Amino acid sequence: MLEDFSWFILVPIWVSILIMGARFLGIGFSKRNTVLMSILSTLISSIYCGYALFYTCNNSPVEVSYNFLSIRELNFTVGVYVDMLNSLIGLAVSIITFIIYIYSAFYMDKEKSFARFYSLMNIFNSTILGYIFSPNLFQMLIFWELIGAVSYLLIGFWYNKAKVSVDAKRVFVINAIGDVLLFLGFVIVSMNVTDLLNDMSLVSLPFANLNLIVSSFYASTTPEIYSFVSLLFVFAAIVKSAQFPINSWLINAMSAPTPVSALIHSSTLVMTGIFLLMRIFPLVASNILSLKIMIVLGSVTALLTSFSALLQTNIKKVLAYSTSSQLGLVIIALALYNPIASIVYLVSHAFIKALLFMCAGVVIKIIKSKNILFMGKFRECSPIVALSFLVGALALSGLGFSGFNAKSLLANVFANTFYLNFLFAIIGALTSLYIFRLYFLVFENKAGYECSDLENYNNPKYMIAYGTLIFMALAIILSSFIIPNGHFSVLYLLNLFMGILAYYLYNFRNNFKLNSTLYHIIVNGFYINKIYYWGEIYLYKFFTKLISLFDTYILGGIEYLVRGVMLTLSKVVHQLQVNNFQSYICYGVWCLLFVMGIFIGLYSMILNIFGV
Amino acid sequence: MSHNILNCITTYYYQIDAILLFFVGLLGVVFSRNLIKILLSIEFMFNAINLIFVSFSSYISNNSYLGYTVVIFSTAISALVLAVGLYFTNILNQKFGTIDVNKIYSKYKEINKC
């Protein structure tokens, strides 16, 4: 059954081809039909994922593979591999995509390139499913690249704005670092394993034989190379999941349309990096160094980005920084040998963050600004948005619903070490503070727009958005019953205290004027983006100078030489063209002598050869 | 016979002489601008070739006249060539007023305006 229906990954691509093909032929589906087809494709995938989850609970994993590329005896395969991990994450992704398709019908309503948006979203859905259900690392690599490319197209959706196109390019280039690292790791592991076992069927590193692959790779290399390779994988995941040294691209990615941010940069795309680590967990987990580095980078990210989120004035940037910090916690939990807690937190966080982004999208759509200092009193205008945001905020800070249970699971993981416990407390407190700051500034603050200033917030077309928000909030509330029950602790009180503190700090005023250096450092994300920028510029200048030296002295010298030779030759040949009879005769004589010389030389050569 | 001075002059002398004569003619052709001088130099070269033929005929046998026969034909042809060349020289002189080989073309361009 599962094998027969593995074609479902291709359904979104068919839909995308249909939409764009119809537009190309000039027919064009109506907006309603476009949305309906897209929703149908996600429904198919979510039904498949749900069934797969149900099936793989009791049965062994299922694998379907086809030959994709054959080079002599090397056969690279692609296909579908279904086990509990990827069917769970696939289900979460499909449901979120389903909701966001409906939501985008509202958000992108007046967009000219509606069809392009939906076809891109469909391609993205297809690539993410292909990535999640990939049976081997080779297919994962292909879809990893595709995800980067499609996310570039989606971030640069409004490409005619200069800032948007620059941001999209930056994100694409930074993600390319991760591609290179993953490719390098894949090649090294594949080469060593096939060399040791002499088994060419393992060349694309199937996950079904992961233990064999890891053990034979461990046997075939030195410990240094082993740690190097596992670090390659860790850093590839860190690039994709926006962790510390390379976390700034997530902020650039916020210039995408809000549904794209909700789908890609809160839940699905940033999940892919951690999903890679979960997939090849035996490879990473048997190396202490990479686990240590994961813990260090995760904690650094969580701290720095929490502080940055605390001071942002752009509503989407707060949520973006928050995503980075929560994923840092997930990575630490993974490095502490706790995949279950990290998967649960990852999935619940995906739902919560998607909901928060969707609420932010509605607010941005109505107020037409992203600056939270201009917002306020929004609860009176649309209580549904405020309530769903409150649900998301409570869940994110771990005060209730699915977030409470997931965070309790995570707290159990962190409880053993004093340092990590302390870190977890700090990050929990900061999370609570910034998310309630956002809530109070946007929805409750006394200084803000009057509701009568805002037009059409009760427009019937907003009902779609409100419906999706309610669905998402209900999903968060109901999913808290699935996750093992959480428990109350001191951390809960701390988070609650921070929420109340946010009420007193941000409910009554919004004009915080901070101008210290530290403020500027934190609000700009510790200038990580700027550092890369200057680094790029200086490296670029250095390399161009180096290359220009080669240009002037070596290439230029060759050019000078060639020019000189050609000038001399041309001066000689020029005499043929000057209408001077004597020079013609001279040339004739020289040519005659030359030909005679050749004949004499040949003659003497023949004489020498035959020994005459 | 051996004390006869003519016996010391072997055919090599004639050949070297012919080569020198040929190059004198060649240099004359190359370096002289006057068309009549060039024709004269060509005659020099013809004569050098004739000398070679004569001297080489002694390689066949002592009484061979083959080389001499060729020389008679060659002389006749050279006279023809010279006659034709002089005829053209005369025509050029009438048309352009000069027999300097480097000036004839520029005069031609002046007259035909090309």
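Reply: In this predicted model, 53% of the 612 residues of chain A count as buried. Chain A contains 23 helices and two strands, and its C-alpha trace spans about 110 × 60 × 55 Å along the principal axes. Contacts in chain A between residues at least 6 apart in sequence can be sorted by separation: 79% of them join residues at least 24 apart. The domain assignment of chain A lists domain 1, residues 295-516, and domain 2, residues 553-610. Between the C-alpha centres of domain 1 and domain 2 of chain A there is a distance of 84 Å.

Rolling a probe the size of a water molecule over the atoms shows where empty space is left. The structure has two cavities of 30 Å³ or more. The largest cavity holds about 140 Å³ of space. Its lining is made up of 13 residues, and those closest to the centre are Lys407(A), Ser489(A), Leu491(A), Tyr492(A) and Asn495(A). Three elements of chain A give two or more residues to this lining: helix 17 (401-414), helix 18 (418-444) and helix 20 (490-506). Helix 17 of chain A gives the most, with four residues. Sorted by class, the lining of the largest cavity has six nonpolar, six polar and one charged residues.

Leu491(A), which is among the residues closest to the centre of the largest cavity, belongs to helix 20 of chain A. When its neighbours within four places in sequence are left aside, Leu491(A) is in contact with Ala411(A), Phe424(A) and Ala425(A).

The second largest cavity has a volume of about 70 Å³. Its lining consists of Leu137(A), Val189(A), Leu205(A), Phe207(A), Leu210(A), Ile213(A), Val214(A), Phe233(A), Ile280(A) and Leu283(A). By class, this lining has 10 nonpolar residues, no polar residues and no charged residues. Helix 7 of chain A, residues 210-220, supplies the largest share of the lining, three residues.

Leu491(A) lines the largest cavity, and Leu283(A) lines the second largest cavity. Leu491(A) and Leu283(A) are separated by 208 residues in sequence and by 34 Å in space, from C-alpha to C-alpha.

Ala219(A) is found in helix 7 of chain A. Ala219(A) counts as exposed because its relative accessible area is 58%, and the class of exposed residues begins over 50%. The C-alpha atoms of Ala219(A) and Asn192(A) are 9.4 Å apart, although these residues are 27 places apart along the chain.

Thr258(A) lies in helix 10 of chain A, which covers residues 258-279. The relative accessibility of Thr258(A) is 1%, and therefore this residue counts as buried; the limit for that class is under 20%. Apart from neighbours within four places in sequence, the residues in contact with Thr258(A) are Tyr107(A), Lys316(A), Phe357(A), Gly361(A) and Ile364(A).

Two tyrosines in loops fall into the class between buried and exposed. Tyr337(A) sits in the loop between helix 13 (315-335) and helix 14 (339-367) of chain A. With a relative accessible area of 48%, Tyr337(A) is partly exposed. The phi angle of Tyr337(A) is near 60 degrees, a positive value in a residue other than glycine. Tyr527(A) is placed in the loop between helix 21 (517-523) and helix 22 (528-574) of chain A. Tyr527(A) is partly exposed as well, with a relative accessible area of 30%. Its phi is near 55 degrees, again a positive value in a residue other than glycine.

Finally, chain A also meets another chain. Seven residues of chain A are in contact with 11 residues of chain B. Together the two chains, A and B, bury about 780 Å² between them, and 64% of this area is on carbon and sulfur atoms. On the side of chain A, Asn579(A), Phe581(A) and Gln582(A) supply 62% of the area buried against chain B, more than any other three residues.

Terms used:
Residues numbered from 1 in each chain as written. Chains lettered and ligands numbered in written order. Predicted model: local features only at pLDDT ≥ 70, side-chain atom pairs only at ≥ 80, totals over all residues. Heavy atoms only, no water. Domains from an automatic or database assignment. 1 Å grid on protein atoms, 1.4 Å probe; cavity = no way out; pocket = protein on both sides within 12 Å on 5 of 7 lines; lining within 4 Å. Points joined across faces, edges and corners; volume = space filled by probe spheres on them. Nonpolar A, V, L, I, M, F, W, Y, C, P; charged D, E, K, R; others polar. Buried < 20%, exposed > 50% of the residue type's maximum accessible area, 1.4 Å probe, protein only. Contact = heavy atoms within 4.5 Å. Buried area = accessible area lost by both parts, 1.4 Å probe.
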